[in-house]
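Here's a quick tour for anyone meeting this structure for the very first time. Have a look at it, then read on.

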Amino acid sequence: MLTNLRYRQVHMDFHTTEHIPHVGNRFVAEEFANTLKQANVDSVTCFARCHHGWLYYPSKNRPDLIHPQLKNDRLLLEQIDACNKHDIQVPIYTTVQWDAYVMKHHPEWLAIDENGEYINSQGVPEPHFYYTICLNSDYRVYFKEHLQDIVDVVGVDNIDGFFMDILFKVDCNCSNCFKEMKKKELDTTSRRDRIYYSTLMLDEFKEEITNFIQERVPHAGIFYNSSHIGPNTKQSAAHYTHLELESLPSGGWGYDHFPATMRYARNLGKEVLGMTGKFHTYWGDFHSLKNKAALEFECFQMLALGAGCSIGDQLHPDGQLSQAAYDLIGDVYGRVKELEPYCKDTSTISEIGVMTPEEFYVPGDHNLGIHPSLIGAVRLLQELSYQFDIIDSGMKFMDYKMIILPDVIEYSPELEEKLHAYMEQGGKVIGTHHSLMEKSGKANNVYGNKYIQEGQFDRDFILPNDTLGKKLPKEEFVMYVKGTEVEPVQAEVLLDTVKPYFNREGDTFCSHQHAPSSREMGMPAATRNGNAVYFAHPIFGTYRKNSPAWCKAVMKDALEMLLPTPLVQHRGHAGLITSLAERKSDGARVLHVLNYLTQKKSEDIYTIEDIIPVYDVPFEVFVGGKQVNNLYFAPDMHSIPFEQVGESIRFEVPRLDGYAVMVIE
């Protein structure tokens, strides 16, 4: 099993068409390795085979697939040899479900849709390499022969690991899949069942391939890339040695994907690498550089949330690295190298577990699965400086002081019972909208409410009071998404709604958006049943969609009501991100603070360009019964004055530029 994962990796793409001449003609092995070394890189993923189906090593099994324009068929071998001399690891890349050669020469191995058409996972016109390969075909034999070929040519002792790319659940309607589905008594006419079977088949494939590799290269790192890590990965986590979270904010993932994914993945018992790219946009964006501030934030956020770093690049077809790219990477990785000792051997501390909606539905093919309600919850909790994980229903609730159920967590008697038992042991619960809402009319043991019906109004209003919305004006605030009507049985009402005059429809069409308040009180907007608070509206999804400050205000009051002593508090701006960890060796706490603001200057992408320092930011950190002897910035160990008040310490950070790491001993 892989241990001590390298924290400064480059993922070196090399998808190279045969129409480019003189491939690798400017590659010089020692120059290649020296450039990486000077850029503080300690691991680089290099290519055995690309999406075009070409090989970059002297294959014994398929010499006909060595790239026809490759000037030196020992490219991969020379990359490995040169990097190993500088103590740079070289995991080996190969593709799995995209391959142009297979697509052209073995169409019988391709996944097909309900109409018998090949499944184009990217929707681009031919020619391309995006028809998805079905792993239930004879391709599986082809793939294992390819892996054996790599082992035979590269040599067991020279293999650090395998990065196997493109393994997606896919709605395949081929005869092989249908045959296996019927054995499992799954409905071949149901898309949900087909997608579900696809996940089972992927897990079985990973188990087979991991066993195959470990029989031959027991020490090899093994990772299967699906562009996302979530509850589906949990079922096959034993077949990975570590996890890598592909998440290029400017490449379709956005800045919401990584924190939501990492906060779940770090609970799966594996070391984790985050992965972004040096590209301004997406993979294959040759001759572009990401803004330095953006790359800093993306890497430093990985450290803050408990991951190592991987930066994606694509080697020029001639084999020469971009000096500008490695000046950029080297600058960021220089800081990572300094901070590594304060990030390794730590575990993040969380007070809240947020249940992921991804557990409760089967997203479509090649879907990242981040529900809007989860994005809203991550944003809101980060802005309020709470320390939290993303969890599923099988994880230990008692590891957290509070469990949050955002908007769409499906009801089950088992989950209700588990939450009720958790509350009886002192655990706190916040649920919103449809989460854990049984629609049979039976009273809910967690919320103390019973479901009546969906709200009557497309938009209604909440009326803040001295319990929820304490700092808001005491007048109506619009809720942009319809709520749920409940009747308190054991619960008390914390917040009321106010009805509009009517819905804006038909004869009651009114103004530009919705009718105003009728001043008539409506259904409960929030209730409390002991340790549980329930909000009738989809607070988190609404915050994702419209970001109304009043949604954050009422949720903040509910959080403070149930968790009066949070782990980390500050009086800086809402864009500050905090993360608290504990050093395993001595129990010291490590506080990470990120001060970066994303911008949407582009039509298509968000990025970060400038770092705007903030000054004299007060912090309060809960340390329990421990006596604090020292507080300092890492890595320079510059002391920070503090006072210990009860179970917390208070201090002021004189200046926050982009990223600060503070050690509490």
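## Helix α14

Let's start with the residues tucked away in α14: W550, C551, K552, A553, V554, M555, D557, A558, L559 and L562 are buried. That makes α14 mostly covered, with 10 of its 14 residues buried. Keep in mind that you're looking at a predicted model.

How does the length of α14 work out? Helix α14 runs over residues 549-562, and at 1.5 Å a residue its 14 residues should span 20 Å; the end C-alpha atoms are 20 Å apart, so the two figures agree.

## The whole chain

Stepping back, the protein chain has 14 helices and 28 strands. Its radius of gyration is 27 Å, close to the 26 Å that the globule rule gives for 665 residues, so the chain is as compact as a globular protein of that length. If you boxed up the C-alpha atoms along the principal axes, you'd need roughly 80 × 65 × 50 Å.

Buried residues account for 59% of the 665 in the chain. Take the contacts between residues at least 6 apart in sequence: 74% of them join residues at least 24 apart.

## Surface and charge

## Helix α4

Now for helix α4, which covers residues 139-154. Its 16 residues reach 22 Å from first C-alpha to last, close to the 22 Å expected at 1.5 Å a residue. Just after α4 comes G155, which takes a positive phi of about 95°.

Which residues of α4 are buried? They are Y139, R140, Y142, F143, H146, L147, D149, I150, V151, V153 and V154. The cover over these buried residues includes the helices α2 (75-85), α3 (100-105) and α6 (191-216), along with the strands β3 (92-95) and β4 (161-165).

## A closer look at T199

One of the helices covering α4 is α6, and T199 is found in that helix. Is T199 buried or exposed? Its relative accessibility is 12%, and the cut-off for buried is under 20%, so T199 counts as buried.

What does T199 touch? Setting aside neighbours within four places in sequence, T199 is in contact with K169 and N232. As for F168, it sits 31 residues from T199 in sequence, with their C-alpha atoms 8.2 Å apart in space.

How values were computed
Residues numbered from 1 in each chain as written. Predicted model: local features only at pLDDT ≥ 70, side-chain atom pairs only at ≥ 80, totals over all residues. Heavy atoms only, no water. Helix = DSSP H or I, 4+ residues; strand = E, 2+ residues; numbered from the N terminus. Rg over C-alpha atoms; globule rule 2.2 N^0.38 Å. Buried < 20%, exposed > 50% of the residue type's maximum accessible area, 1.4 Å probe, protein only. Contact = heavy atoms within 4.5 Å. Expected span 1.5 Å × (residues − 1).
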